[in-house]
Structure formats: structure tokens, C-alpha cells
Amino acid sequence: MASAVAVPDDGRAIVHARYQDAASATADLAARRAGLAGNSVLLKRPYAKDFAVTLAARGSDLVYDLILHGGAGQLRSLVEQHDAPWVFC
């Protein structure tokens, strides 16, 4: 799986996680939603405290549309600390 992140402004980010095919992306959607409903591994608090997210399968991608409560720096921190829910396989 590969990921690409776009930050159109300081309060929003869009992440595309690419799968081998559309069936694989769709099959993983429920597990990824469950992960988002859980807690940050490092911060020990719900991800929902840090961002609101819409998650959808679009072709061979899962697309995370994030509203960041703490700005773009928060997203960078999640990625650098490997605590972003889309990086877990």
C-alpha cells in the first residue's frame, strides 16, 4: 500500500491510501473505519479529539478527508510518529 497526502489548507488534509485493486480497498474499509474509532497509539486518546474524518473507497484508493483540530503540524506529527491510522497494515 502507498499513501499520498495533500494539505489544501492548515485545517484540512486529504490522504489517499492506494491498494492493489478496488476490491482490496473496499474489503479493508470497515477495518480502517474501526481503527479511526479507536485511540491514538501514542497519545492514548481517541483520534476524534484530534480530527474529524470522512473515509470512502474510490476505485483502488481509500480516501481520508480530515478536518484537523490542531492544524497541519498535527498531521505531520502523526505521520512522523507512525501513529496515523492509514499507515497501519
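Lys 44 counts as exposed, because its relative accessibility of 64% lies over the 50% cut-off. This value, like the others below, comes from a predicted model. Lys 44 sits in the loop that runs between helix H1 (22-36) and strand E3 (51-58). Its backbone deserves a look too: Lys 44 is not a glycine, yet its phi is positive, at about 60°.

You can find His 82 in the segment after helix H2 (72-80). Is His 82 buried or exposed? With a relative accessibility of 60%, His 82 counts as exposed.

Here are the two residues side by side.

| Residue | Phi | Relative accessibility |
|---|---|---|
| Lys 44 | about 60° | 64% |

Now step back to the whole protein chain. How many helices and strands does the protein chain have? There are two helices and four strands. If you trace the chain along its sequence, these elements come in the order β-β-α-β-β-α.

The protein chain has 89 residues, and 31% of them are buried. Its accessible surface amounts to about 5000 Å², with carbon and sulfur atoms accounting for 56% of that area.

Finally, consider contacts between residues at least 6 apart in sequence: in this protein chain, 51% of them link residues that are at least 24 apart.

Definitions and conventions:
Residues numbered from 1 in each chain as written. Predicted model: local features only at pLDDT ≥ 70, side-chain atom pairs only at ≥ 80, totals over all residues. Heavy atoms only, no water. Buried < 20%, exposed > 50% of the residue type's maximum accessible area, 1.4 Å probe, protein only. Contact = heavy atoms within 4.5 Å. Areas by Shrake-Rupley, 256 points an atom, 1.4 Å probe, with all protein chains shown as cover.
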